Amino acid sequence: MPGRVGPAGFAHHPPATGLQPALKSGPRRRWGVPQFQSSHAPRGTARAVARRHHGYTDSMSVRTRVAPSPTGDPHVGTAYVALFNHVFARSRGGQFILRIEDTDQQRSSSASETAITEALRWAGLDWDEGPDVGGEFGPYRQSERLALYRRHADELVASGGAFPCFCPRERLDELRRRQQANRETPRYDGHCRNLDPAESRDRVVSGETHVVRLDVPETGVCQFSDEIRGAIEIPWQQVDMQILVKSDGFPTYHLAAVVDDHLMGITHILRGEEWLSSMPKHRLIYDRFGWSLPSHYHLPLLRNADGSKVSKRRNPTGLNYYRRIGYLPEALRNYLALMGWSMPDEREIFSTEEMTAAFDSDRLTTGGPVFDLAKLDWLNGQYIRSMATDEFMRRVADWAINRENLAALAPLVQQRTERLVDLLPQVDYLLGDRATLDEDDFAPLRLDADDCLRVLDHIGRRLDAQDAWDRDALQAAIRSLADAMDIPTRDFLAPLFVAVAGRTVALPLFDSMAYLGRDMVRSRLASALTALGGVSKKKAKRLERDYADLQIDET
RNA sequence: GUCCCCUUCGUCUAGUGGCCUAGGACUCCGGGUUUUCAUCCCGGCAACAGGGGUUCGAGUCCCCUAGGGGACGCCA
């Protein structure tokens, strides 16, 4: 049964040829595969530990991973994928690994890596191996594994599975333009594949700038299986000769992930559905190295209310938003578990431990779930109400009402306080949610509603491009925007006050924003925009253009 | 545009050919308990995208159409 993993794990895969007969199509439940009984077996922790000591040689051990790219704020989608990998591994007594995919030198940052690991830890998704905890398959940061990728890329080139490509960007841009004009799928034309191997070796040796591309068959179809969908075929025609090594010597995702998954002994890959169309490339790389293909499960993508892939413009996607606004990690995990999976007994409130004990990948669903916060609110309430009072108090303190947190607020409020009761009304929008807005809240301002909307939209764009999130950096960023838009600071800031604090008189704006954090500010800007009538697709296009035309002084 | 994936109440889902007069949960609406509010309890609205087949029998299997999504980067 190709592609299907039994209890014995990946060692039982047939040799991967890529040319196996098509699997019987239809849903996986008709394949007649015996159900793996993990859901009814005891956790077997002792056995799992014993297995771990066998290391490489023990093919029984299930290993999964989550592999975020440290190029931004911790994303709820990362937690979603991490949850399922975590539960899958633990339900079979295996290991769950965190790997940092920092192969994009321009965009990766260690600040982002730290934020992501902290947020995942807050979410309660701990890992057995990772950059911060070590493990015998390390290092777990791809930027520290470059020699490994280099060696494998060389091997691929030597065996003819990949080739150096010297095409300048201009040629590729031109090629793409022409193909798009002819309504063809943009695809590398194989120019450098046809070079004389000796010549191209010389050019590489002489130090000429180049990338390494995957050689892809011209005809036929690639067959593979997705464990929650069944057999899938994609014509090789559709598959581009993907760059495997960039001109800076760093690998792309496709090479690095495959090499690492193999070397780290990953047996099951649960990842977002967006990777489905990359499967042929990955399968090709596995085959060319003669490696067995792990089982793949492509989880449905979380969606906005309109069905599109969840995005920060339309939804709070930052994990820190959920933390700051006071969702409990266990409630968030419970909610995420409901996105594409269900308990055998249809229970909807359950712990991650209960989920792990009952986990059965056959209960994974395929439709893209809308990330709708109403149900999370209800779930979170259920968790809060069922807590012991002591526990509740502890959680409140963990959340925000504590000494450390008040220390950040004290300098802002002390000079503005005569009686201690004056304190609460000042910090209401910092400790609590700010009032719900409507258009009237903006009416008294100097700018009209249209201008308010434009200002808030542009502030949102400006802040999305803003790395540092402290008072001075925020002030500089927003001042420069006000200058570029040629609006007096006082008038410019008023709608921002309303958006952030719900009123025009409040604690210092940039301190407030620094305190609230990026995710909370973004969500308040978004709801303010909605109060101002919202931004239609057409309007968004125009605003984007207007923003791009601004001459913002970055100094 | 090309390829791939997906499609059950507004939302999350149950459904593995007869147990489906399609079940549960959230939201919403109505009622009850409660000094208010919230909780809690009870009730209600609400779905198999459309069309063909296969079958004694189709939400479930097959095909087509439509709609949605994703991919098509020296991003991951």
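The side chains of K375 and E348 meet in a salt bridge at 3.1 Å, N to O (a Lys or Arg side-chain nitrogen within 4 Å of an Asp or Glu carboxyl oxygen). K375 sits in helix α12 (residues 373-385) and E348 in the loop between α10 (329-338) and α11 (352-358), so this pair links distant parts of the chain, 27 residues apart. This is a predicted model, where local features need pLDDT of at least 70, side-chain atom pairs count only at pLDDT 80 or more, and totals for chains, interfaces and linings use all residues. Residues are numbered from 1 along each chain, and side-chain values use heavy atoms, without hydrogens and water.

**Salt bridges**
- The structure holds 43 salt bridges.
- K375 is partly exposed at 34% relative accessibility, and E348 is partly exposed at 35% (buried is under 20%, exposed over 50%, partly exposed in between, with a 1.4 Å probe and protein chains only).
- R90 bridges to D128, with the closest N and O atoms 3.1 Å apart.
- R90 lies in helix α2 (residues 76-91) and D128 in the loop between α3 (110-122) and α4 (146-158), so they tie together parts 38 residues apart in sequence.
- R90 is buried at 15%, whereas D128 is partly exposed at 27%.

**Strand β3**
- A162 and P164 on one side of β3 (residues 162-165), and F163 and C165 on the other, are all buried.
- β3 pairs with β4 (residues 211-214) in the antiparallel sense over four bridges (pairing takes at least two DSSP bridges).
- C165 has V211 as its bridge partner in β4.

Technical notes: Chains are lettered from A and ligands numbered from 1 in the order in which they are written. Helices (H or I, at least four residues) and strands (E, at least two) are DSSP runs, numbered from the N terminus.
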